[in-house]
Amino acid sequence: MSLAQCFPPVVAADARLLILGSMPGRASLLANQYYAHGRNAFWRIMGDLFAAGPDLPYAQRLEKLQAAGVALWDVMAACERPGSLDADIVAASVQANDFAAFFAVNRRISHVFFNGAAAETAFRRLVLPTLDAAGLVLQRLPSTSPAHAALAYDKKLASWSQIISQANI
């Protein structure tokens with residue numbers, strides 16, 4: 001099995017917060033777009049928070065997020081994963097992205113929000129021990145994945161709304 005590779009970060013020079021996923025799923029990799037699965041609530045939430053909803057072309061959604069100071073990336077640079085579930089990621093295959101270099105360039109980022117438990121767990125296990133994270137606020141939000149359907153959309157949106165108040169956007 002070949003390693004799945006993540007996308008480059010979507011980040012503007014004045015980004016103030018970073019949203020981290022674990023690794024793009026199959027639909028995202030095929031579309032070459034973050035959160036491309038039609039039932040993933042990410043873009044619907046971004047539409048409600050930043051007018052970057054799924055009704056817009058992908059490039060415009062990214063522009064809206066960047067204009068709001070929001071950056072996107074994934075914790076994992078590469079991994080083996082048959083399918084799209086985080087539970088299927090082969091732990092021994094995981095390679096983390098270079099966050100030391102990322103934060104050295106993107107010094108205004110003060111808040112990191114994890115899109116679900118897998119992203120947070122991977123970051124805390126693989127990245128945090130190698131990073132001077134002083135001053136970074138780290139917070140997990142409920143996964144927007146369709147696999148995390150137990151939480152209703154309105155509850156997810158309420159949790160994700162913290163992004164606006166906590167990052168002073």
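A nonpolar core is here a set of buried Ala, Val, Leu, Ile, Met, Phe, Trp, Tyr and Cys residues joined through side-chain atoms within 4.5 Å, where buried means under 20% relative accessible area, exposed means over 50%, and partly exposed lies in between (1.4 Å probe, protein chains only). Of the 53 residues in the largest such core, L18, W43 and M46 touch the most other members. The structure is a predicted model, in which local features need pLDDT of at least 70 and side-chain atom pairs count only at pLDDT 80 or more, whereas totals for chains, interfaces and linings use all residues. Residues are numbered from 1 along each chain as its sequence is written, and side-chain values use heavy atoms, with hydrogens and water left out.

**Core and contacts**

- M46 touches I19, A51, A52, G53, L65 and W160, not counting residues up to four places away in sequence, contact being defined as heavy atoms within 4.5 Å.
- A4, which has its place in strand 1 (residues 4-5), is buried with a relative accessible area of 17%.
- A4 touches M23, L29, A77, A78 and C79, again leaving out residues up to four places away in sequence; A4 and M23 are 19 residues apart in sequence and 8.3 Å apart in space, C-alpha to C-alpha.

**Helix 5 and its surroundings**

- In helix 5 (residues 117-127), the residues A119, E120, A122, F123 and V127 are buried.
- Seen down the axis of helix 5, these buried residues fall within an arc of 165°, so they line one face of the helix; the arc is that of the directions from the helix axis to the C-beta atoms.
- The cover over the buried residues of helix 5 includes strand 2 (17-21), strand 4 (76-79), strand 5 (95-96), helix 4 (99-105), strand 6 (111-115) and strand 7 (137-141).

**Salt bridges**

- The count comes to 2 salt bridges, under the rule that a side-chain nitrogen of Lys or Arg lies within 4 Å of a carboxyl oxygen of Asp or Glu.
- R124 forms a salt bridge with E120, the closest N and O atoms being 3.0 Å apart, and the two residues, 4 residues apart in helix 5, are separated by about one helical turn.
- The side chains of R140 and E120 meet in a salt bridge at 2.7 Å, N to O; R140 lies in strand 7 and E120 in helix 5, so the pair ties together parts that are 20 residues apart in sequence.
- E120, R124 and R140 are thus linked in a network of salt bridges, in which E120 counts as buried at 13% relative accessibility, while R124 counts as partly exposed at 36% and R140 as partly exposed at 46%.

- The buried residues of helix 6 are Y153, K156, L157 and W160, and they cover an arc of only 100° around the axis, which puts them on the same side of helix 6.
- The face of helix 6 turned away from its buried side carries the exposed residues D154, K155 and A158.
- The second largest pocket is lined by 19 residues, of which G38, R39, N40, A41 and R44 lie nearest its centre.
- The elements that give two or more residues to the lining of this pocket are helix 2 and helix 6 (153-160).
- On a 1 Å grid over the protein atoms alone, a pocket is an open set of points where a 1.4 Å probe fits, with protein on both sides within 12 Å along at least five of seven lines, and lining residues have an atom within 4 Å of a point.
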